[in-house]
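Please examine the structure shown here, together with the questions that follow it.

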Amino acid sequence: MQQTIYEKFHESVIDFPHGLAVYYQGKKISFKKLDKLVNRMSDILVNRLNVKRGDVLLIAQPNIPEVLVLFYAANKIGAVCDFVHPFTPFNQIVSIMKHTNAKYAFLFEQRVAKEVERYRDIADKIYVTRIEDFLPVGKKFVYHNFMNNAIRRKLGKWRGSFPGFKYLKDLKPTGKVPETVTGKAKETSILLHSGSTTGDPKTICLCDDNLNFIADHACEMLACKPEEIRGGGMLSVLPSFHGFGLCITMHTPLVSRFACILVPKFSAKETVKIMKKTKVSCICGVPTMYEALLKDKNFRHNKHLRRLMVVFCGGDSLNRNLQEEFNKVMKENGSKCQMFEGYGLTEAVCVNIVNTFDHNKPGSIGYPISGAEFKIFDEDGKEVPRGEIGEICIKSPAIMNGYFKDEKASKEAVKDGWLYTGDLGYMDEDNFVFFKQRKKRVVKVSGVGVFPTEIERLVESVPGVEACCAIQIPDPRLQNAIKVFVVAKFFDEIGMRNAIMDTCKKYLIRWAVPKEIEFVDSLPKTLLGKIDFKVLQKQEDEKRGISR
């Protein structure tokens, strides 16, 4: 039977009402309590804000309980959630809202405070959340009265000047909980922003069936029985605007009677504290996160590691040395936990192939989960022999409905039910897939997808810039960073550099802001006259002694 995302979650509420659903900075929320909060919010959305089925709600939040409450409440009433990075600049927020025709935007106060004057024209569409509203009483008092005074003063002044701006907490329910909208499992219910299978920024349309398909494979990925994970906890560090974070670390644990342990801002020190207070059974993260954990002596020597069942690494290529070191630390602490790598992309929600205790092979990105099929195609769309490199393609119930308002790109990405990922690799005789390189232009900066074409277009909009090309360079903290090569029409290096950086900081998320700028007289071109980023990347790699 097809179920909506909310209906799937509500099964856990019925079956495990008093079990721990959410842990947030010391605050514990049961499944029953979370459902009450969801019903309360659905009442507010329908009866206070007049949100109807199909309306788009932009949600730009860190990992705080409001994310889950808004997510399930919106789904309950048939609204569409457009998840965006919580620190997205104002200009992009406005652009996204216009593109998706969002009815309201739920923003994080620390972000709004940075550009508070610029929200004048859309103040009536903005509702702001606070980090402390779900904190335990003691922490809430300290944070509210001592930690955030500057932001409160700024927002308070703005709030008085422009009527219509409200904190989400100020909205009160009517007591009339709306009925659950059913029969919409295949309708678009989630919008996520990614680089598409070609590397050009796109908005991806996902439905309830997509997320529920992945969530149904929790036990398969953890290689355990349902009763073995019930009552455990998933460390939710990955963000909601990423399919990996939203589906694997939020929705999947909750429909598996598994707690969602929300972490608004990752730190190794905080992770160790959380592991002492809760039963962390599983962690999903990116390589830089695990590197930070291994550098913390309190993590490396932690008796609570014995509670860990398994950890998964995604979002970027996993270094074998990192994996071996992590597994070694687990063994030294008497833990049976191991680190496994998986692979997925937002067009198929997230992981569709993964290494597990039951199926794993060194160097591979995994073995397909049941119900997902992988093939390797050549440029003519024909399957290549095992061991031969081609484009990795997926057929699975997790494949997107398409790209928002882009029928042409949708048809190019999905052909005859197969999603062409834009990544190159091969499959062996045992059905394990091995990733080789990206065909599309996407750079993973600390696990966050950054799109060179977007950076180039923005830099080229700066007066005096004639041409630009963005490539990736190594970074000791983020794994990768961005370097741009710029051809200037007139030259004032300091002024031009400042203008470029100011523009990038204003319009890009911080991971996309260039770490280095190099001014050049010209850029290499292909035979078709396009800028040849591959030549620049190769030259830069050789200069740095990097072999790809």
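This is a predicted model: local features need pLDDT of at least 70, side-chain atom pairs count only at pLDDT 80 or more; totals for chains, interfaces and linings use all residues.

Residues are numbered from 1 along each chain as its sequence is written, and side-chain values use heavy atoms, with hydrogens and water left out.

Q: Why is the contact between Lys515 and Asp475 called a salt bridge?
A: A salt bridge requires a side-chain nitrogen of Lys or Arg within 4 Å of a carboxyl oxygen of Asp or Glu. The N to O distance for Lys515 and Asp475 is 2.8 Å, so the pair meets the definition.

Q: What makes Lys515 and Asp475 a link between distant parts of the chain?
A: Lys515 lies in the loop between helix H18 (493-507) and strand S27 (516-519), and Asp475 in strand S25 (residues 465-475), 40 residues apart. Helices (H or I, at least four residues) and strands (E, at least two) are DSSP runs, numbered from the N terminus.

Q: Why is Asp475 called buried, and why is Lys515 called partly exposed?
A: Buried means under 20% relative accessible area, exposed over 50%, and partly exposed in between (1.4 Å probe, protein chains only). Asp475 has 12% and is therefore buried; Lys515 has 46% and is therefore partly exposed.

Q: How do you know that Lys483 and Glu518 tie together separate parts of the sequence?
A: Their side chains form a salt bridge at 2.7 Å, N to O. Because Lys483 lies in strand S26 (residues 479-488) and Glu518 in strand S27, the pair joins parts that are 35 residues apart in sequence. Lys483 is buried at 3%, whereas Glu518 is partly exposed at 27%.

Q: What makes a set of residues a nonpolar core?
A: The set must consist of buried Ala, Val, Leu, Ile, Met, Phe, Trp, Tyr and Cys residues joined through side-chain atoms within 4.5 Å. The largest such core has 124 residues, and Phe83, Phe106, Ile214 and Tyr290 have the most contacts inside it. Helix H3 (residues 65-77) supplies the largest share, nine residues. Another core, of 26 residues, lies apart from it and includes Val448 and Ile482.
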